[in-house]
Amino acid sequence: MKGVTILGATGSIGINTLDVMSRYPGEYRIVALTANSEVERLYRQCQAFQPQYAVMANEIAAEQLAGRLRDDMPDVQVLSGVAGLEQVAALEQVDIVMAAIVGAAGLLPTLAAARSGKRILLANKEALVVAGHIFMEEVRGNGAELLPIDSEHNAIFQCMPAGFEDGLAEVGVQRIMLTSSGGPFLQVPAEEFPSITPDQACAHPNWAMGRKISVDSATMMNKGLEVIEACLLFSTTPDKVQVVIHPQSVIHSMVEYLDGSVLAQLGAPDMRIPIAHALAWPKRIESGAERLDLFEIARLDFEAPDLERFPCLAYAFEAASRDDTAAVIMNAANEEAVSAFLDNAILFPDIPRVIRRALDELSPRQAASIEEVLHDDQRAREHAREIIKGIKSDYCK
Ligand code: NAD
Ligand code: MG
């Protein structure tokens, strides 16, 4: 039996992970489930999966959960805060850690899993984007195993030859073709962007996901974060990553070889496929996903991205080509701007404006430690909140 910790159990990826695992009760045992503040949902997950530990990042929520569990599940240990998250990511009885917290908040617990040499199923792309090479070195230096859950990176991983870790050129890989649905506003002219509501931005045409990543998909910042993610996971540079708009989301990404061969991974747009792949790798298990019906799909379309309407993608390419904390600043400004947009405090086109200003007004630096990364993350958040305050007061005039 493999012991599993799910960081971010109550989210979209967490719920899909529990769905796949529950098909194999003899293979996987839940050791710990974590959430930010969703007491009721984590309580119900504890009833269903009987973990040893339940962690709430939020202290008040942790007290409430402990109160709920005291009578009927007194054996579940309730922990709280970042320390609790780090603890359950590093437990000896844990073999696999699903990193599915949203945002840079997932960085420290995911890092704890890397430092303890776990198999990490990485959904939390922001943690990787922010910690960059420092995170990859912790993975390599501690014998951890990093398996991508992001559907594109999981597809790329499946199309890569053995030994890709030593350099793509050595194994005859020329470039990565990272597919993107284009999001809900692929056909919407820029003039209409100011009237986009949070609910419209969260209504993704192909995938049901958490609200933050849904907005990122709508601005194409999600694809930008994924460019950086691909460079780090596959030790390559952004000039070797081509973004291809593919509205049907049937091809999840491709790898082009020196001889002109292109390998692709296809499947239904269902996150249980990459989750099942990474959980059981190198074995294959049933995921519960629908099979592809190529006759029903009938056609696959491709087009180039429009960087004018979706400048976030251009900002990410810019950050990906630098080795300083530009990606940290970009990510922090994006998280703050998306949160303000979801609160109806700023408009959809303000998201790239906040990021551009944060990148221009703050100076990135070389970061040698996680502490320096976290410092720049904090600095960028404070600055982005000031920019957002300015935009809000302009709207009030
Ligand atoms: P979600 O919003 O549905 O869930 C997020 C989870 O993180 C919840 O369990 C929440 O309680 C927890 N969380 C939030 N803030 C936290 C904090 N400060 N401290 C501790 N826990 C916190 O998000 P999601 O859609 O499941 O996405 C999770 C991650 O996976 C994101 O990084 C996203 O980019 C990535 N991802 C998601 C999908 C998808 O289909 N949903 C696909 C690819 C990648
Ligand atoms: Mg993705």
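**Note on the predicted model**

1. In the hairpin formed by β10 and β11, four residues lie between the strands, and G260 adopts a positive phi near 100°. The two strands, β10 (residues 251–257) and β11 (residues 262–266), run antiparallel and are joined by five bridges. Within this pairing, V255 is placed opposite L263 of β11. Helices (H or I, at least four residues) and strands (E, at least two) are DSSP runs numbered from the N terminus, and two strands count as paired if DSSP finds at least two bridges between them.

2. The model is a predicted one, in which local features need pLDDT of at least 70 and side-chain atom pairs count only at pLDDT 80 or more, while totals for chains, interfaces and linings use all residues. Residues are numbered from 1 along each chain as its sequence is written, chains are lettered from A and ligands numbered from 1 in the order in which they are written, and side-chain values use heavy atoms, with hydrogens and water left out.

3. An open sheet is built from seven strands in the order β4-β3-β2-β1-β5-β6-β7, with parallel pairing. At its edges stand β4 (77–80) and β7 (145–148), each with a single partner strand, so one side of each has no neighbour in the sheet. Neighbouring strands of this sheet are turned against each other by 20° on average, direction ignored; axes are lines fitted to C-alpha atoms (for helices over the stretch in contact), and angles run from 0 to 180 degrees between N-to-C directions.

4. Strand β6 (residues 119–122) pairs with β7 in the parallel sense over four bridges, and R119 stands opposite E145 of β7. I6 counts as buried, because its relative accessibility is 0%. Buried means under 20% relative accessible area, exposed over 50%, and partly exposed in between (1.4 Å probe, protein chains only). The C-alpha atoms of I6 and A32 are 6.3 Å apart, although the two residues are separated by 26 residues along the chain.

5. Which residues coordinate the magnesium ion (ligand 2)? The donors are D150 (OD), E152 (OE) and E226 (OE), at 2.1 to 2.2 Å, and their spacing in sequence is D-x1-E-x73-E. Since E152 belongs to helix α7 (residues 151–159) and E226 to helix α10 (residues 221–233), the pair ties together parts 74 residues apart in sequence. Both E152 and E226 are buried. Donors are N, O and S atoms within 2.8 Å of the metal (3.2 Å for Na, K and Ca); water is not among the atoms, so sites may look incomplete.

6. The second largest pocket holds about 420 Å³ of space. It is lined by 25 residues, of which G132, H133, R322, D323 and D324 are the closest to its centre. At least two lining residues come from each of α6 (125–141), α10, α13 (311–320) and α14 (326–342), and α6 gives the largest share, with seven residues. By class, the lining divides into 14 nonpolar, six polar and five charged residues. Ala, Val, Leu, Ile, Met, Phe, Trp, Tyr, Cys and Pro count as nonpolar, Asp, Glu, Lys and Arg as charged, and the others, Gly among them, as polar.

7. On a 1 Å grid over the protein atoms alone, a pocket is an open set of points with protein on both sides within 12 Å along at least five of seven lines, whereas a cavity is a set of points where a 1.4 Å probe fits but cannot get out; lining residues have an atom within 4 Å of a point. Grid points are joined across faces, edges and corners, and a volume is the space filled by probe spheres set on the points.

8. By this rule there is one cavity of 30 Å³ or more, and the largest cavity has a volume of about 40 Å³. Its lining consists of S151, N154, W207, H252, Q265, A268, D270, I273 and P274; α7 and α11 are the elements that contribute two or more residues to it. Four of the lining residues are nonpolar, four polar and one charged.

9. The peptide bond from W281 to P282 is cis, with omega near 5°, and P282 lies in the loop between α11 (272–280) and α12 (294–297). S235, a residue other than glycine, has a positive phi near 40°; S235 lies in the loop between α10 and β9 (241–245) and is partly exposed, with a relative accessible area of 38%. S249 likewise has a positive phi, near 50°; S249 lies in the loop between β9 and β10 and is buried, with a relative accessible area of 7%.
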